[in-house]
Each structure stands twice: as structure tokens, then as C-alpha cells.
Amino acid sequence: MDRSPSSGGRVVAAFDFDGTITVLDSLRDFVQYTVGNPRFVYGAIRSAPWMARMLIGMSDRGVAKAHFLAATIGAMTRPKLEDAARQFVEHRLSALIRPEMVERIQEHKRHGHQLVLVSASPALYLRAWARGAGFDAVLATELEFRDDRFSGRLASPNCWGAEKVRRLQQWFGNEPPRVLHAYGDSRGDKEMLALADHGWLRGHGEMHSIDE
């Protein structure tokens, strides 16, 4: 695709969330905030075998995540989880956000760029935060609900690694950006950063200038 400055078209900034915009893993914090320490510890113990297999490459990250969520927030109703998500965003999540990343997001907005959040964490609470932060889209992991209760399964592939690129390209559709900026902090962002014209990985130098 033609991304040269003369080709016209939109400029997109894609941001990972956990560790990039936040100071820690928001999913663990959301679960602990929602169910409390005893249930959180119980869920961590119950899902430990899948987590261990994931760490040595014998289990898919999405499978391990689903087992952890099933053991913690499993069977909660959609309204209760949506309320917990609102409470988490309103009372807790702002304390986890890096101020310099808020400024970077605002800088892209001042340039008229489209903003998309691309995260392996659940869209359940990310949409509420991203809407307030001015993002145009959220591409994240979706939870499955049956009869208005969380089933303990994921409704979409875990949005990590190559899945981030697939979701981005699906969102681009027939209108790929003229320029793509991307921000990440881990192995799960490698493919997205490789797709970008300007990619930044936390801990590997200063952020590039925005001159588009």
C-alpha cells in the first residue's frame, strides 16, 4: 500500500494499553478490584497450571486467560460486570495511567490523527476509558456472555501478537492509513510495531517526533 506523504489519507496512532499507557497489568487490577483479594488468590491458584504451561510455551495465552477469568469473575452477570467496569474506570484506572502517555495521546489528537487502542485486555472496561480519552476505536479481547452471564470463555481471539495486526488490518478495511504510528512495551506488540511506519517500544529509546 502507498503510504507516501503525497498519497493523502488518514494518519493513525495505535496504542497498546498495559505497560504502555499504564504502569501495570490492568486486567489483574480490574479482577482484584472487582472480586476482592480472597477470590483473586483463589482464581490465581486454580488457573496456575494453565499459566505455568503458557510461560513455557505449552498453552495458548488466550486459554490461560480464560481459565483465570472463569475462576475469578466466572458466572457474573453482564450488568454486574459492566457496572464493575464503570466503577473501575471511574475510581481506580486513572491512578494507573502514565501522564506522559496522556500527553502523547493529546498530541496526536491535536494533529488530527485517528486513535485506536489495541489490547489483549478486555474491551469490557477499555471502551469506557478510551471513550473518555478520545479514542476512535478499541480493538481488544471480547468476553463471551450466555443468557446475560459471563460464560468463562473468550468471544474473540486473545488480542496479542499477530492478532493485533489482524484486528488492525480488519479495522483499516479498504482505507489503510497513509502513516501508522504504534506504541508498545512487550513481545505482544512486536508484530504491530513492525507494521508501523513509526514504532516505539518502551525502554528502547525516546519517542519519535510527530510531524505528520
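The legends below describe close-up views of a predicted model.

Local features are given where pLDDT is at least 70 and side-chain atom pairs where pLDDT is 80 or more, whereas totals for chains, interfaces and linings use all residues. Residues are numbered from 1 along each chain as its sequence is written, and side-chain values use heavy atoms, with hydrogens and water left out.

**View 1. The open parallel sheet.** Five strands form an open sheet in the order β3-β2-β1-β6-β7, with parallel pairing. The edge strands are β3 (137-141) and β7, each of which pairs on one side only. On average, neighbouring strands of this sheet are turned by 15° against each other, direction ignored. Strands (E, at least two residues) and helices (H or I, at least four) are DSSP runs numbered from the N terminus, and two strands count as paired if DSSP finds at least two bridges between them. Strands of a sheet pair through backbone hydrogen bonds, either parallel or antiparallel.

**View 2. Strand β2 and its partners.** Strand β1 (residues 11-15) pairs with β2 in the parallel sense over 4 bridges; Ala 13 has Leu 115 of β2 as its bridge partner. Because 8 of its 9 residues are buried, β2 is largely enclosed by the rest of the structure. Buried denotes under 20% relative accessible area, exposed over 50%, and partly exposed the range in between (1.4 Å probe, protein chains only).

**View 3. Strands β6 and β7.** Strand β6 (residues 179-184) runs parallel to β7 and is joined to it by 4 bridges. Within this pairing, the bridge partner of Ala 182 is Gly 199 in β7. Helix α7 (residues 123-133) packs on the sheet, where it touches β2 (114-122) and β3. The direction of α7 makes about 155° with that of β2; axes are lines fitted to C-alpha atoms, for helices over the stretch in contact, and angles run from 0 to 180 degrees between N-to-C directions.

**View 4. The surroundings of His 208.** His 208 is placed in the segment after β7 (198-201). With a relative accessible area of 18%, His 208 is buried. Its side chain makes a polar contact with the side chain of His 181 at 2.9 Å; such a contact is a pair of N or O atoms within 3.5 Å, where within protein one must be able to donate a hydrogen and the other to accept it, and residues adjacent in sequence count only if both atoms are side-chain atoms. Not counting residues up to four places away in sequence, His 208 touches Arg 104, His 181, Tyr 183, His 198, Gly 199 and Trp 200, contact meaning heavy atoms within 4.5 Å.

**View 5. The loop between β4 and β5.** Asp 147 is found in the loop between β4 (143-146) and β5 (149-154), and Asp 148 lies in that loop between β4 and β5 as well. Phi of Asp 147 is near 50°, a positive value in a residue other than glycine. For Asp 148, phi is near 65°, also positive in a residue other than glycine. Most residues other than glycine have a negative phi. Asp 147 counts as exposed at 82% relative accessibility, whereas Asp 148 is partly exposed at 39% relative accessible area.
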